[in-house]
Amino acid sequence: MYDIAIVGGGPAGLTAAIYAVRANKKVLVLEAVACGGQIINTTKISNYPAAPGITGLEFGQTLQKQAEDLGVEIEFEEVEKIVDNKDYKLIKTEDDQYKAKCVILACGTEPRKLGLDNEDKFTGFGVSYCATCDGGFYKNRTVAVNGGGNTALEEAIYLSGLAEKVFLIHRRGEFRGSADLVEKVKSTPNIELILNANIVALNGDKKLESITLSHEGKTEELSIDGLFVSIGRIPKAKNIIDGLKLDTESYIKADEDCKTNIDGVFVAGDVRSKEVRQLVTATADGAVAATIALQYLTK
Ligand code: NAP
């Protein structure tokens, strides 16, 4: 039996693990893909205190090593369901089951999809949700990024260093992302903005060949080799545990103490219902969730 099981090995989950293991608890982290979470897709982190310029990958790897060196156990398995047995939680993955006295949900978010025909078929064949992962396939080619937030702006800037041409397509006339990134995008010669435009079709046979845009009352076709969809993210918490209270967008409800409505179940990081989702707020949540979970264990 573990004292604390943590679902997700991103900045929130691993920070929680570090706090818990340093309090002499037996800690398990279950991570579906790779430690570091969403941040490993970021080329350079510029807004985390005292670590200017660190790459996302380096941040994730350092955090993982720090947790493991302290004695945190990490298993690479996707959690399918958690059953609340009151005095312990049963955590089920595809192949295993684990028992823990309490659980911290730090399972993060996944990319929002456009919801268009062919999107799943072309994923990996012209459609991508991560420029740092797949940008290398598009050296000297023509790509488009869709979205108007910080991620889309950063992805367009990153891709402009690889691709010959980058179209940045956004559904409104103004960007949601920060002014410095907007400035950088506007001053990058091979980025062309297409504003007030929506992608309405993904065209091609076996791979993406073009997209259809609805733009200023007309539809037009744009030939591209790759499309990077960066239109926000959705929480991964749905159905993970029966009775868990979610907000209208399916983020897990909890106050600043990171306690959910279920006794012994805590939440940390981007999957928590909150205003600001940043690396620093994720690690802060991890520290809070672990501290409150430790109080729960001493009850
Ligand atoms: P976001 O800020 O939620 O932006 C999503 C963008 O996608 C918005 O521009 C939105 O348009 C657009 N969009 C949403 N649904 C759409 C749809 N169905 N079709 C077309 N466009 C759609 O998401 P994000 O950029 O992934 O960022 C997530 C969080 O991480 C934010 O808080 C962001 O600040 C943070 N972040 C920070 C940094 C940094 O500090 N350097 C870097 C990356 C991310 P509208 O604007 O019209 O709603």
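A nonpolar core is a set of buried Ala, Val, Leu, Ile, Met, Phe, Trp, Tyr and Cys residues joined through side-chain atoms within 4.5 Å, where buried means under 20% relative accessible area with a 1.4 Å probe and protein chains only. The structure is a predicted model, in which local features need pLDDT of at least 70, side-chain atom pairs count only at pLDDT 80 or more, and totals for chains, interfaces and linings use all residues. Residues are numbered from 1 along each chain as its sequence is written, and side-chain values use heavy atoms, leaving out hydrogens and water.

The largest nonpolar core holds 36 residues, and Ile 4, Ile 6, Phe 59, Val 72, Ile 104 and Phe 266 touch the most other members. Elements giving two or more residues to this core include strand S1 (2-7), helix H1 (11-22) and helix H7 (279-297); helices (H or I, at least four residues) and strands (E, at least two) are DSSP runs, numbered from the N terminus. Helix H7 gives the most, with eight residues.

Attention now turns to strand S15. In S15 (residues 226-229), Gly 226 and Phe 228 point one way, Leu 227 and Val 229 the other way, and all are buried. Strands count as paired if DSSP finds at least two bridges between them. Strand S8 (residues 127-128) runs parallel to S15 and is joined to S15 by two bridges, with Val 127 partnering Leu 227. Strand S9 (residues 142-146) also pairs with S15 in the parallel sense, over four bridges, and here Val 143 stands opposite Gly 226.

How values were computed. Buried means under 20% relative accessible area, exposed over 50%, partly exposed in between (1.4 Å probe, protein chains only).
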